[in-house]
Amino acid sequence: MEAKVRRIKLGTQGLEASAEGLGCMSMSAFYGPPKPEPEMINLIHHAINSGVTFLDTSDVYGPHANEILLGKLATKFGACFVDGKMEIGGGPAYVRAACEASLKRLRWDCIDLYHLHRVDTKVPIEITITFTVYARIGEFF
């Protein structure tokens, strides 16, 4: 018998989500070599069949391989690799470029949840969040 993940209410509008999500970082990068895709697809199906409604990934995982594997989902931005070193980005140009690239990789026209992976301390958080909201709805200044 398969265990079901508990659900929790979100706000007052009747929305619910799973109390636990599936962290997907190690599927395509980090913590050892990338895992075989068929095994990761089986794991994702198991999580969904168990009631998980949140698959946590990022554009930096793989890099990009995690988003491609998962398809339509929630994803993160704010970290990228340049010359093999991780850099943090939160400026308007980076937010827009990261969102457009994620949408292209996902082959989707909307991301359900687009959240900040790392805070860029060189950019006021209000600027990053403003552009994140506009990136999310597909409109930019």
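Colleague: Is K9 buried, partly exposed or exposed, judged by relative accessibility?

Modeller: This is a predicted model, and in it K9 counts as exposed because its relative accessibility is 65%, which is over the 50% cut-off. K9 forms a salt bridge with E16, the closest N and O atoms being 3.4 Å apart, and E16 is partly exposed with a relative accessible area of 38%.

Colleague: Which parts of the chain does the salt bridge between D56 and K76 tie together?

Modeller: The side chains of D56 and K76 meet in a salt bridge of 3.3 Å, N to O. Because D56 lies in strand β4 and K76 in strand β5 (residues 75–77), the pair ties together parts that are 20 residues apart in sequence. D56 counts as buried at 19% relative accessibility, and K76 is buried as well, with a relative accessible area of 8%.

Colleague: Which residues make up the largest nonpolar core?

Modeller: The largest nonpolar core has 10 residues, namely V5, L22, C24, M27, M40, I44, A47, V52, L55 and L70, and its largest share, three residues, comes from helix α2 (residues 37–49). A second, separate core has nine residues, among them F77, Y94, A98 and L103. Returning to L22, and leaving aside its neighbours within four places in sequence, one finds L22 in contact with M27, L43, I44, A47, V52, F54, L55 and D56.

Colleague: Where is R105 placed, and which residues does R105 touch?

Modeller: R105 is in helix α4 (residues 92–106), and R105 is buried, with a relative accessible area of 17%. If residues up to four places away in sequence are not counted, R105 touches D59, H64, E67 and I68; the side chains of R105 and H64 are joined by a polar contact of 3.5 Å.

Colleague: How many aromatic pairs does a search of the whole structure find?

Modeller: The search finds one aromatic pair. The rings of F30 and Y61 have centres 6.0 Å apart and planes at 80 degrees, so the pair is edge-to-face. This pair links distant parts of the chain, 31 residues apart, with F30 in the loop between α1 (25–28) and α2 and Y61 in the loop between β4 (55–56) and α3 (65–70). F30 counts as partly exposed at 31% relative accessibility, whereas Y61 counts as buried at 5%.

Colleague: What is the phi of F30, and which residues does a cis peptide bond join?

Modeller: Most residues other than glycine have a negative phi, and most peptide bonds are trans. F30, although not a glycine, has a positive phi of about 70 degrees. The phi of D83 is also positive, near 55 degrees; D83 is found in the loop between β6 (79–82) and β7 (85–88), and is exposed, with a relative accessible area of 78%. A cis peptide bond joins G62 and P63, with omega about -15 degrees, and P63 lies in the loop between β4 and α3.

How values were computed:
Residues numbered from 1 in each chain as written. Heavy atoms only, no water. Core = buried A, V, L, I, M, F, W, Y, C linked by side-chain atoms within 4.5 Å. Buried < 20%, exposed > 50% of the residue type's maximum accessible area, 1.4 Å probe, protein only. Helix = DSSP H or I, 4+ residues; strand = E, 2+ residues; numbered from the N terminus. Contact = heavy atoms within 4.5 Å. Polar contact = N/O pair within 3.5 Å; in protein donor to acceptor, adjacent residues only side chain to side chain. Phe/Tyr/Trp six-rings, centres within 6.5 Å; stacked < 30°, edge-to-face > 60°. Salt bridge = Lys/Arg side-chain N within 4 Å of Asp/Glu carboxyl O.
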